[in-house]
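Please look through the sequence and the model shown here, and keep both in view while reading the report that follows.

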Amino acid sequence: MTTEVIVVNGGSSSGKSGIIRCLQAVLPDPWLALGTDTLIEAMPASMKASGGGIELAADGEVSVGPEFRTLEAAWIEGVAAMARAGARVVVDEVFLGGPYSQQRWQKALGGLRVLWVGVRCDAAVAADREAARGDRTAGMAASQAESVHEGVVYDLEVDTTHAESMACARAVAAHVT
């Protein structure tokens, strides 16, 4: 059986997006890259600053409300439907809810062959990347560096603290069957 979905979980500025771009380059078949940022960008602006949507606090804390959760659940099911329809999908995720977040994806992706990948990065290194990018809320990277991995089970973990995106992508690609 071949891998149909790769779920990549890690904190903000951990290097997930770079790894995923490299994965798309090294995997022999085309893979769609979809992630939490894709979902947030698709939402109306009004949901990005409301209690029912998603809010980013000045310290980097992320809060989500019931309207966000409703749309997120539909989005997760949609991603799973695309995989069931034959698209290979790499999911760029931030499991703010730890094992609960993974369980939602496991339920939706039931029956599909999934590779679960954890992307780790030292909190200080992620914070430096966050500051260099300039488009992130300060504090988000450090607060998420470890918490998004608590209670989550992976098939493979990579660490971008000292490894380049391409090396991590090749390690992931070696596990894709």
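The model is a predicted one, in which local features need pLDDT of at least 70 and side-chain atom pairs count only at pLDDT 80 or more, while totals for chains, interfaces and linings use all residues. Residues are numbered from 1 along each chain as its sequence is written, and side-chain values use heavy atoms, with hydrogens and water left out. Helices (H or I, at least four residues) and strands (E, at least two) are DSSP runs numbered from the N terminus, and two strands are said to pair if DSSP finds at least two bridges between them.

The sheet is open and is formed by 5 strands in the order β2-β5-β1-β6-β7, with parallel pairing. Its edge strands are β2 (32-35) and β7 (156-159), each of which pairs on one side only. On average, and with direction ignored, neighbouring strands of this sheet are turned by 20° against each other; angles run from 0 to 180 degrees between N-to-C directions, and axes are lines fitted to C-alpha atoms, for helices over the stretch in contact. Strands of a sheet pair through backbone hydrogen bonds, either parallel or antiparallel.

## Pairs of strands

How many bridges join β1 to β6? These two strands run parallel and are joined by 6 bridges. The pairing of β6 with β7 is also in the parallel sense, over 4 bridges, and Gly-118 stands opposite Glu-157 in β7.

Strand β6 is mostly covered, since 6 of its 7 residues are buried, where buried means under 20% relative accessible area, exposed means over 50%, and partly exposed lies in between (1.4 Å probe, protein chains only).

Contact here means heavy atoms within 4.5 Å. Helix α7 (residues 165-173) also packs on the sheet, where it touches β1, β6 (114-120) and β7, and its direction makes about 170° with that of β7.

In helix α1, the buried residues are Lys-16, Gly-18, Ile-19, Ile-20, Cys-22 and Leu-23. What covers them includes strands β1, β2, β5, β6 and β7, together with helix α7.

## Helices against each other

Helix α1 (residues 16-26) and helix α7 have axes that come within 8 Å and cross at roughly 60°. The two helices are therefore oblique to each other; angles under 35 degrees count as roughly parallel, over 145 as roughly antiparallel, 65 to 115 as roughly perpendicular, and the rest as oblique. From α1, the residues Gly-18, Ile-19, Cys-22, Leu-23 and Val-26 meet Ser-165, Met-166, Cys-168, Ala-169, Val-172 and Ala-173 of α7. The residues of this contact divide into 9 nonpolar, 2 polar and no charged, where Ala, Val, Leu, Ile, Met, Phe, Trp, Tyr, Cys and Pro count as nonpolar, Asp, Glu, Lys and Arg as charged, and the others, Gly among them, as polar.

Helix α3 (residues 66-84) and helix α4 (residues 99-108) pack at an angle of about 40°, with their axes 9 Å apart, and are therefore oblique to each other. The α3 side of the contact is made by Arg-69, Glu-72, Trp-75, Ile-76, Glu-77, Val-79, Ala-80 and Arg-84, and the α4 side by Arg-104, Trp-105 and Ala-108. In this contact between α3 and α4, the residues divide into 6 nonpolar, no polar and 5 charged.

The C-alpha atoms of Leu-156 and Trp-116 are separated by 6.6 Å, although the two residues are 40 residues apart along the chain.

Ser-13 is found in the loop between β1 and α1, and with 6% relative accessibility this residue counts as buried. Phi of Ser-13 is near 65°, a positive value in a residue other than glycine, whereas most residues other than glycine have a negative phi. Ser-101, which has its place in helix α4, counts as buried at 4% relative accessibility. Leaving aside neighbours within four places in sequence, Ser-101 is in contact with Phe-95 and Leu-96.
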